[in-house]
Amino acid sequence: MPSSFKGILYPASLPTFHRLPAPQHLEHLVQWFWIPEWDLEPGRSLRQQVIAFAACNVVVQADHVEIAGPTTRLSHQDLTGRGWAVGALLRPAAVPFFTGIRPRCGM
């Protein structure tokens, strides 16, 4: 997959960022995986501005797992110390698979 920084406003400020295609057996659930890694000097922080993206992500970090999105406005993540995350950009139909939430139809 060619290098892509969709949604990242300042990709040059990411110490390391990888985007990987989903394996064929997961393509129906996941569009791609993304992996940032950072190692900042003590007392330094790095704010990552992220553009709104109409999709959900499953994000795994050392101390927690979360489902984020879809968002409707600019957001940010402040990075400090040393860390990493592994995210999966979900396809819209995959959200119920991960959350158990079923879309409501009708009125």
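Predicted model: local features only at pLDDT ≥ 70, side-chain atom pairs only at ≥ 80, totals over all residues.
**Notebook: strands, sheet and nonpolar residues**

Two strands count as paired if DSSP finds at least two bridges between them. Within this pair, I found Trp 34 of β2 to be the bridge partner of Arg 19.

Residues are numbered from 1 along each chain as its sequence is written, and side-chain values use heavy atoms, with hydrogens and water left out.

I recorded one helix and seven strands in the chain. From the N terminus on, their order is β-β-β-β-β-β-β-α. These elements are DSSP runs numbered from the N terminus: helices are H or I of at least four residues, and strands are E of at least two.

I traced an open sheet of five strands, paired antiparallel in the order β1-β2-β7-β4-β5. Its edge strands, β1 (16-21) and β5 (65-68), each pair on one side only. The twist averages 20° from one strand to the next; the axes are lines fitted to C-alpha atoms, with angles from 0 to 180 degrees between N-to-C directions.

I found four bridges in the antiparallel pairing of β4 with β5. A hairpin of three residues connects β4 to β5. Val 59 has Glu 66 of β5 as its bridge partner.

Of the 107 residues of the chain, I noted 29% as buried, meaning under 20% relative accessible area with a 1.4 Å probe and protein chains only; over 50% is exposed, and partly exposed lies in between. The largest nonpolar core has eight residues, including Cys 56, Val 58 and Leu 90. Apart from it lies another core of seven residues, among them Phe 17, Trp 32 and Val 59. Such a core is a set of buried Ala, Val, Leu, Ile, Met, Phe, Trp, Tyr and Cys residues joined through side-chain atoms within 4.5 Å.

I located a nonpolar patch of Val 60, Val 65, Trp 84 and Val 86, with about 320 Å² of accessible area together. Areas follow the Shrake-Rupley method with a 1.4 Å probe. Patch residues have over 30% relative accessible area and no salt bridge, and nonpolar side chains are joined within 5 Å; a salt bridge is a side-chain nitrogen of Lys or Arg within 4 Å of a carboxyl oxygen of Asp or Glu. Val 60 lies in strand β4 (residues 57-61) and is partly exposed, at 31%.

How values were computed. Patch = residues over 30% accessible without salt bridge, like charges linked within 9 Å, V, L, I, M, F, W, Y side chains within 5 Å.
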